[in-house]
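Try each task before reading its solution.

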Amino acid sequence: MRDVAIVGCGFTQHASKRSEVNIAELVHEAVDDVYKQTGLNYNDIDAITIGNMPSFEGLNYPELWMSDHIYARHKPVLRITTGGTTGGSVCIGAYYQVASGMADTVLAIAFEHQSNGSTTGGLATVGIAEISILALYGMSFDSLRMIMGAGGAAGAASFQAIDYMKRSGATPEDLARVVVSDRRNAAKNWYTHLKMPDLTVEDVLKTPMVAYPLRFGMICPASDGACAMIYTTAEKAKKIVEQPAFVNGVSSVSDEPWMFGIGGGGFANLDPCEQKECRLSARAAFKMAGIDYPHKEIDYAEIYDPFPNQNLMFSERIGLFDENQASKAWQEGRTKLNGDLPINASGGVNATNAIGASAMERVAEAALQVMGKAGDHQVKREVHNAVAHGWGGSVNLITMNVLGDHPRRK
Amino acid sequence: MPAKKITKQPVQQPSEQPAKETAKQPSKQPAAAPAAREVKKKYEETRALPSFWSLEANTFKYDTRYIQYYVDHLKQKKIVGIRCPSCRIVYVPPKPICGRCHERNTDWVEVSEYGTVVSFSAGYDKKKSDMREDVEAKPVPIVAVKHEGADSAYITLLTPGIELDQVYVGMRVKVVWNEKLTGALSDIKWYDPV
């Protein structure tokens, strides 16, 4: 396998409604930005991988009808879509193409224009098979309505949250602390959606409850935005940028589907906080990258945290903290920009969530930290190894990308 | 590659294409400062065309043997689960294939009508007349119950009137059967704390 490096990351401005652009124009902004950042152009690109959440915009094969806007003429285009982890999977797809030698330079794009379509309608296409069978077999409308509330992503996370808080002793303040850190960091990042430089824990705990124990102020926004990255071989990367971000480990692991219904057998993950798939995925990616002690060797982490309890839970499952100790690290300030293990300096998913692009932005932000190009939100400590995590699918797929400032040890 | 030759002379690129000028000479200079990025504020030409997407036309096919067996037993006030022949995990409600060993589940077992709450959440229900910001919505607890003898939990409701702060992980609950058993999922009306 060849060594693979990331040489540039492009973003669009994210907002709840980018109504002045259509999907193609939105993606075009990110693609132009990545070309501007790297000084490359479409002649240097051999292949394109692209992805978004299917059905959220109500459009099929957007990658092909916008091929003008992504400069895909006479190039292979591969669309990858795995729900919330789409961006992470697109990154892994781009990595495979370069590592295998099929292509030298690959453009990876992930986007979501949620205001264009109906997110609820899109989610219904995921859950309607389960809902229809419940209704057909005589579940009363009232129960169905309440249970459906628990079946969506916020519902799944709220059960996780209670389970996590029960076993680790984390309090609502601990959850709010994650949100405050994310949204304050987001204020330093130019493209993010929710910029709240003065947010406090009390402000978050004052907002109304959505799904106990998750409050309105703790839940990620729905954003419009796109992200584009360029993957290339280690040799070419050194000619393009001084410090590329080398992709040293990738992994994506699935578990049983985690739906609410009869068909799925209730909680198929018999334990909502076990997250076996996350442990396995982290183990595989770290093994590939040659990292034996993640809690010592990882300098920076981007955790996919649409809900704050997941930041705490996943960082433990990845191996950054000991079991049930994550909230302690947040209390001590270890995860701040100047801490010894900064997490989500970019603002994370909690501040910006363009579904398809979210997991790719985690990889892009980790790459920027390794390359030293994050700007205002560059962390104080030197970043040699960074990890980017993604969570999605039918709430059961974990993608991991481990980046480093040097190619993996052979 | 022939593809590269053809694209070398593109047909008229948009004028605001800085990438084109710097082509073939990758610079080692640091990337432009984030503030220099241009965000287009207005596209007069981009118009929204409203349309809707209906899901009505879809048909979902479902293997009803498992759920039919389950609801048939609900009519007799019995709760059945299905056990994986390989790893012995009992799924309540039943599902066709064990997600752990990919064996087809075959063994039906009866489980107790008592169970424990393994996790919970709450929905916030507002009446239409209360749709004001200052009205605090009343939380309705939603619980994940694991029956005794089963390994999987499923999400259900408690008897109305039970407050959220009375619910805790590990709470023992019991099925409250509907007065009229019809062989439907609604035969389990809700759960009562023991």
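The exercises below use a predicted model.

**Exercise 1.** Find the strands that pair with strand 7 of chain A, and state the sense of pairing.

Solution. 
- Start with strand 1 (residues 4–11) of chain A. It pairs with strand 7 of chain A in the antiparallel sense, over seven bridges. In this pairing, A:Ile6 stands opposite A:Tyr231.
- Go on to strand 4 (residues 106–113) of chain A. Its pairing with strand 7 of chain A is also antiparallel, over eight bridges. Here A:Glu112 stands opposite A:Gly225.
- Now check burial. In strand 7 (residues 224–233) of chain A, 10 of the 10 residues are buried, so the strand is largely enclosed by the rest of the structure.

**Exercise 2.** Describe how helix 7 and helix 12 of chain A cross.

Solution. 
- Take the axes of helix 7 (residues 172–186) and helix 12 (residues 308–318) of chain A. They come within 7 Å and cross at roughly 95°.
- Angles of 65 to 115 degrees count as roughly perpendicular, so helix 7 of chain A is roughly perpendicular to helix 12 of chain A.
- List the contact residues. Helix 7 of chain A gives A:Leu175, A:Val178, A:Val179 and A:Asp182. Helix 12 of chain A gives A:Pro308, A:Asn309, A:Asn311 and A:Leu312.
- Sort them: five are nonpolar, two polar and one charged.

**Exercise 3.** Which residues touch the most other members of the largest nonpolar core?

Solution. 
- The core has 48 residues; A:Leu214, A:Phe286, A:Ile318 and A:Leu320 touch the most other members.
- Elements giving two or more residues include helix 7, helix 10 (276–289) and helix 12 of chain A.
- Look at A:Ile318. Beyond its neighbours within four places in sequence, its contacts include A:Phe286, A:Pro294 and A:Met400.

How values were computed: Residues numbered from 1 in each chain as written. Chains lettered and ligands numbered in written order. Predicted model: local features only at pLDDT ≥ 70, side-chain atom pairs only at ≥ 80, totals over all residues. Heavy atoms only, no water. Buried < 20%, exposed > 50% of the residue type's maximum accessible area, 1.4 Å probe, protein only. Helix = DSSP H or I, 4+ residues; strand = E, 2+ residues; numbered from the N terminus. Pairing = 2+ DSSP bridges. Axes fitted to C-alpha atoms, helices over the stretch in contact; angles between N-to-C directions. Parallel < 35°, antiparallel > 145°, perpendicular 65-115°, else oblique. Contact = heavy atoms within 4.5 Å. Nonpolar A, V, L, I, M, F, W, Y, C, P; charged D, E, K, R; others polar. Core = buried A, V, L, I, M, F, W, Y, C linked by side-chain atoms within 4.5 Å.
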